[in-house]
Amino acid sequence: VLFDTSPDIVWAAWTQPQMLAHWFGSDPAGVVTSAIMDVQPGGFYSITFCDSDDTEHNCMGEYQKVHEPLEMTFS
């Protein structure tokens, strides 16, 4: 998948709860109801979202490795 944006914006979309809430979930009409993200090795994440039919989902885990994006140039 190609994104028409910088690696920094993609990084923020995956690591900042307020940005993640704009796109995360399994239903385009669903909403993120909670996102806790401690983005560091050993840090915990927990994301809860509801589909448009009010089905609630939760995903959680622990970050094993975290690598911020490197500067990239394309020719």
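This is a predicted model: local features need pLDDT of at least 70, side-chain atom pairs count only at pLDDT 80 or more; totals for chains, interfaces and linings use all residues.
View 1. Ser46 is found in strand β2. The side chains of Ser46 and Asn58 are joined by a polar contact of 3.4 Å. The relative accessible area of Ser46 is 12%. Buried means under 20%, so Ser46 counts as buried.

**View 2. Strand β2 within the structure.** Strand β2 spans residues 44–50. Of its seven residues, five are buried. Strand β2 is therefore largely enclosed by the rest of the structure.

**View 3. The pairing of β1 with β2.** Strand β1 covers residues 31–37. Six bridges join β1 to β2, and the two strands run antiparallel. Val31 stands opposite Cys50 of β2.

**View 4. The hairpin of β1 and β2.** Six residues lie between the strands of this hairpin. Gly42 takes a positive phi near 90° here.

**View 5. The pairing of β2 with β3.** Strand β3 covers residues 56–62. Seven bridges join β2 to β3, again in an antiparallel arrangement. Cys59 in β3 is the bridge partner of Ile47.

**View 6. The hairpin of β2 and β3.** Five residues lie between the strands of this hairpin. Asp54 has a positive phi near 70° in this hairpin.

Terms used
Residues are numbered from 1 along each chain as its sequence is written. Side-chain values use heavy atoms; hydrogens and water are left out. Buried means under 20% relative accessible area, exposed over 50%, partly exposed in between (1.4 Å probe, protein chains only). Helices (H or I, at least four residues) and strands (E, at least two) are DSSP runs, numbered from the N terminus. Two strands pair if DSSP finds at least two bridges between them. A polar contact is a pair of N or O atoms within 3.5 Å; within protein, one must be able to donate a hydrogen and the other to accept it, and residues adjacent in sequence count only if both atoms are side-chain atoms.
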